[in-house]
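Subject: The structure we talked about

Hi there,

Here is the structure I promised to send over. Have a look at it first, and then read on for what turned up.

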6 protein chains.
Amino acid sequence: MATREDGRADDELRPITLTRGFTSHPAGSVLVEFGNTRVMCTASVEAGVPRWRKGSGLGWLTAEYAMLPGATHTRNSRESVKGKVSGRTQEISRLVGRSLRACIDLAAIGENTIALDCDVLQADGGTRTAAITGAYVALADAVTYLGAHGRLADPQPISCAIAAVSVGVVDGRVRLDLPYEEDSRAEVDMNIVATDTGTLVEVQGTGEGATFPRSTLDAMLDSALAGCERIFDVQREALAAPYPGELPGA
Amino acid sequence: MATREDGRADDELRPITLTRGFTSHPAGSVLVEFGNTRVMCTASVEAGVPRWRKGSGLGWLTAEYAMLPGATHTRNSRESVKGKVSGRTQEISRLVGRSLRACIDLAAIGENTIALDCDVLQADGGTRTAAITGAYVALADAVTYLGAHGRLADPQPISCAIAAVSVGVVDGRVRLDLPYEEDSRAEVDMNIVATDTGTLVEVQGTGEGATFPRSTLDAMLDSALAGCERIFDVQREALAAPYPGELPGA
Amino acid sequence: MATREDGRADDELRPITLTRGFTSHPAGSVLVEFGNTRVMCTASVEAGVPRWRKGSGLGWLTAEYAMLPGATHTRNSRESVKGKVSGRTQEISRLVGRSLRACIDLAAIGENTIALDCDVLQADGGTRTAAITGAYVALADAVTYLGAHGRLADPQPISCAIAAVSVGVVDGRVRLDLPYEEDSRAEVDMNIVATDTGTLVEVQGTGEGATFPRSTLDAMLDSALAGCERIFDVQREALAAPYPGELPGA
Amino acid sequence: MATREDGRADDELRPITLTRGFTSHPAGSVLVEFGNTRVMCTASVEAGVPRWRKGSGLGWLTAEYAMLPGATHTRNSRESVKGKVSGRTQEISRLVGRSLRACIDLAAIGENTIALDCDVLQADGGTRTAAITGAYVALADAVTYLGAHGRLADPQPISCAIAAVSVGVVDGRVRLDLPYEEDSRAEVDMNIVATDTGTLVEVQGTGEGATFPRSTLDAMLDSALAGCERIFDVQREALAAPYPGELPGA
Amino acid sequence: MATREDGRADDELRPITLTRGFTSHPAGSVLVEFGNTRVMCTASVEAGVPRWRKGSGLGWLTAEYAMLPGATHTRNSRESVKGKVSGRTQEISRLVGRSLRACIDLAAIGENTIALDCDVLQADGGTRTAAITGAYVALADAVTYLGAHGRLADPQPISCAIAAVSVGVVDGRVRLDLPYEEDSRAEVDMNIVATDTGTLVEVQGTGEGATFPRSTLDAMLDSALAGCERIFDVQREALAAPYPGELPGA
Amino acid sequence: MATREDGRADDELRPITLTRGFTSHPAGSVLVEFGNTRVMCTASVEAGVPRWRKGSGLGWLTAEYAMLPGATHTRNSRESVKGKVSGRTQEISRLVGRSLRACIDLAAIGENTIALDCDVLQADGGTRTAAITGAYVALADAVTYLGAHGRLADPQPISCAIAAVSVGVVDGRVRLDLPYEEDSRAEVDMNIVATDTGTLVEVQGTGEGATFPRSTLDAMLDSALAGCERIFDVQREALAAPYPGELPGA
């Protein structure tokens, strides 16, 4: 039977780890690893909201994704130096923000802003889905932090967990959680974002030089949703542990 | 029975028109209308390809989408004056480009570049799907133009037609081809891009403040794919007519 | 006798048409055509004025001119993507704004801002003079709209009509309303903006690779002022008709 | 009889001085003063031309105008720090370049580029006309420099002198060479650029909050052309003197 | 006796660690820690040099420094999103580049470019001196990598080690290696960059709201130079160990 | 004995002149010359302070440094046109601001802002040190101006004079006040900023392709501090003279 270069079965995830308290200043700070993909996800809390939202009683959540120059096989140039953010970066930042806003009641956090930053330290495919998965855990810690400081309007602002995974067609087979080597030659590429209550937040599927029948779409969804279930377990386990080290702002 | 504000059935498209030869300089120039949404789609042909592609023998196809300031209910400020392109604009430009590259054999057009420009004159929901639908027709005319000038390496570079449509959940019902009034309050919003050979090019579904079960995703796909079939008929009819007025470059 | 390539006499305008209500969201929306030059001119009304003008009781009027990428023979690249507006574009935007401010009493419109947008759909010479001519009609409709909504401090804020036309020396002859073919090889190029009360608003004459005696300047002014008289007739006729279709905001 | 605040007659110029060799690195360096307006004009020579002109055998001439932050009554912020050049600055830079290109045969200077920089040290009205007047002298010195270094294809590339002056309507009277105090309240404002062979290069007249009859235009042209004659005398006298100090590159 | 908040003596460094092979794509990748300050330093190798250096036979070395948004107590906004790099960031990037160029013979590395990226994961004072210290180790690994791939013109391009440390006057006392808490209230702040051959590369001392006598400068230099000696030991020890894990490009 | 190309002894300054009242609009305006280096330093006073400082009762002082395009041997391109300020320019602007803030009590000037602009008209080495030296005199005049207009909270806001000079190692010898010819080939380059009360404000020493022993640093400091003493004399003499011409705002 055809196996993948890294020995996984088609429907198998890479090893996923979530390290909470990775740095100490932000309210939430998580290093997420999907195999060799490593993303630092921080959730910073700031009092106040953007001007257009002031006085609404509602909080706000933003997200920014970026790739460090040394994260890729060949160094990618720094967007701050180029003076503008690429379309790809903006697209992923918007996706991360939308995905995480789906699980939080912004009225419950009062007029506070949570800024999620997902910086890719090392890229090996699936950086956006790792970012969403890690950002959820950082967000959960930031909400705990807000609660501990008496800054929540409602004690339970998070309604569900959020996880994401990639899936694609490689060598004619539907495969889960593609590393760079597979991603770069996939015929179809899909990312899904799901909740642990069994619903979808976002589905983005793209034919890369090929188009795909609906049956392929269905098979990719099956595989990705099953993968998300396993990621929710990893998230739950990580969040069940006590916060490592000193709490931020303690 | 609950009907839509504009009287349409849930699975009914708005009236779609495609006006070829809308302006005379570009090799293809189409005004596409989905109800009150009006987008001018031009396909300009330039000899040569970007530097990174020179000498490959392959052509290139790019796309840019933009909204005129007066296109929306409230004037939207001009991106050239702001000095940067929004994330939304970049995201749609990239989507249009990817979608149209799915139907063309870039080896067949030789080292020529086709630039698709989709400028929204009037916006009433579904501007990106109208843009893709109109850009396909402009592209077809540009390819005919290249052929008439002996600049095609292969006489048939287009392998299929491309059309797109939006679908969403509004008032709890799956509805096709949302106008602004429905789009702005949709619970789920999806855009699909399909080929007339029965396959998908792109699927993008997003919960807007709500998440959605897989059954809803399936119902939206059913509706959108049926809608695309009708759009392919409109495209075929438009392209069957002789080119209106003088051919560009004649 | 030497006639022009398009058969016109030296002092003859191209056919001019003004289509009001070209799009439906802005308070004024006009498609102006000078022969093959086509410009969409919209006048959008926004409550409030820029910060430096707040509390003055005066309104404000701004203008922006732009060329769509497909408007020219060879595609011109998009200024939003380049991230800056060219000197030419800024120069014309400033000219349009100054010209139209000459006919309106900004105290009479109260603290409202009228934004004029002139987007060239197809360019064949004289785009800036067509833009001014069309913007006047869009402005008149926007003022009517403000009046109908009870937002005018004074019922008659417009003191005169504004029109503009180009004139130049081509093949040694003074010629009116130059199309691209003549404009690109003119020895002298002039644009004038005039009022229907017999005065001038702006005179801009430039030797293009040649200098010119004062007698030529005088002959160009004669021709251009006579041309403006005929344009005022076209404007008057267009504005005498009832507003086509539904009024904006009705 | 009404005289002007500074005691001049309506048709009288301010004292004009031209200091050649003001700085020593550029091939031409002139401090031009029109009363209290002081502009440093340098002409730098660089071997080679912009890419689009390579191999044509033709030279090129560019111009940039700028205002130092401390030049005005109230400090004006630095455009390099704002990150973009204002429309006004670009407009004047373009005007200076066009004006000086009118007197030089670019074939005669071979594939060299002359860059004119006009930096306003102190502004008191008429900075753009002073800049053009001074830039002509700097250009003449730069051409002499090119000749002395054997870099001219033709020994006499300059066909005429170029000067410029402002004129306007202030307090209902046509007045020449407006200082800031008059310029800021002028009803009509005009700049003309002329040659010493009796022709015009550029005419730009603008009603500032007022429109003007053609008879006023004629009176302004009379006054400005007479003023230019006197400026040509000042230029001739300045250029008749031996070059002060060491020649650049000597 | 007055001790420091973290218990150190005035001339004592914070614990310094250097983790080689921190990520796997770049030729050198080091996590450097000075107490709670943590900087990821990568050295990426690219074939070729900037255009102005082509054909010289010389290599090039550049450096970029940046702060991740979550690195500071209060989130700092992302420079790529702001669209420009701050003066502070540029200043430090230039300092890092100059400092490391002092130890390498650019002829010996042939026409290759080494790009050093120093990204601050967590900031607690002394980020620029930690960056230089860590970048030296990443550079050493990158040079080893070049040698292993036969891309060195000379086998020994590095002539000395480079380390840097901060020193300042806090509470009237000269103190070494300031954490944020001390740095933010230091009266004088100095950074020195030194070589392990006993010489200085860079000295930058600044009075922060206070000026300082030369005797203070001397005392600061004594302390900093002694500190650098201890840092060279840490570097030597780190580089003496075998490369952890797989070599890049192996 | 080896003398310098311009005949000076190693520890000799170039002739230094300070021309007050160089232009008339700013509250302070000084032309400073260090040999052929000429910098125009203006100090503009604006009522109010930046937003983050409002209501503090404290004033503010900023500085901007720039090089005119024609100031250097080969024309340097204009930063406003390039759309961004170079790292070097920012670094020097920050240095000038920090240096001058060291001598002024910002509480004493009330909520006013003093903007120092240092524009290099002609560059021959040492432009940043000339800028600081001249800016001090312009600042002193601006403070006198504030006092004369009753806008000082305390009559004596300046606590000491500030001067700066460069020193370096050229041909193996420590030399003071380097012109371009020496600066461009110096092995070590240092700038110091000092007060006339015997203290240091800033010390910046850099090995340029070479590193340097501490004894060299000491010798450079000796030379530079002695040089500053002589510059303070020139400043004192310049400020002792009555203000030339009319006072600004008189």
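Let me start with a question: is the crossing of H2(C) and H3(C) left-handed or right-handed? It is right-handed. Please keep in mind throughout that this is a predicted model.

**The helix pair in chain C**

Helix H2 of chain C covers residues 87–101, and helix H3 of chain C covers residues 127–148. Their axes come within 10 Å and cross at roughly 40°, which makes H2(C) oblique to H3(C). On the H2(C) side, the contact is made by Arg88(C), Ile92(C), Leu95(C), Val96(C), Ser99(C) and Leu100(C). H3(C) answers with Thr127(C), Arg128(C), Ile132(C), Ala135(C), Tyr136(C) and Leu139(C). Sorted by class, the residues of this contact between H2(C) and H3(C) are eight nonpolar, two polar and two charged.

**The helix pair in chain E**

In chain E, the axes of H2 (residues 87–101) and H3 (residues 127–148) also cross at roughly 40° and come within 10 Å. H2(E) is therefore oblique to H3(E), and their crossing is right-handed. Among the residues that meet here are Ile92(E) and Leu95(E) from H2(E), and Ile132(E) and Tyr136(E) from H3(E). The contact of H2(E) with H3(E) has eight nonpolar, two polar and two charged residues.

**How chains A and E go together**

Chain A can be laid on chain E by a turn of 180° and a shift of 0.0 Å along the axis, with an RMSD of 0.0 Å. The two copies are thus related as by a two-fold rotation axis. Both copies use the same surface, as 100% of the contact residues of chain A recur in chain E. If you want to find the axis on screen, go to Ser80(A): of the residues of chain A, Ser80(A) comes closest to the axis, with its C-alpha at 1.8 Å.

How many residues of chain A are in contact with chain E? There are 32, and they touch 32 residues of chain E. Between them, the two chains bury about 2,700 Å², with 53% of that on carbon and sulfur atoms. Three residues to look up are His25(A), Arg75(A) and Arg78(A), which supply 24% of the area that chain A buries against chain E, more than any other three residues.

Chain A and chain D make no contact, and their nearest C-alpha atoms are 11 Å apart. Chain B and chain F are not joined by any contact either, with their closest C-alpha atoms 11 Å apart.

Key. Residues numbered from 1 in each chain as written. Chains lettered and ligands numbered in written order. Predicted model: local features only at pLDDT ≥ 70, side-chain atom pairs only at ≥ 80, totals over all residues. Heavy atoms only, no water. Contact = heavy atoms within 4.5 Å. Least-squares fit on C-alpha atoms with pLDDT ≥ 70 in both. Axes fitted to C-alpha atoms, helices over the stretch in contact; angles between N-to-C directions. Helix = DSSP H or I, 4+ residues; strand = E, 2+ residues; numbered from the N terminus. Parallel < 35°, antiparallel > 145°, perpendicular 65-115°, else oblique. Left-handed = near helix turned anticlockwise from the far one by under 90°. Nonpolar A, V, L, I, M, F, W, Y, C, P; charged D, E, K, R; others polar. Buried area = accessible area lost by both parts, 1.4 Å probe.
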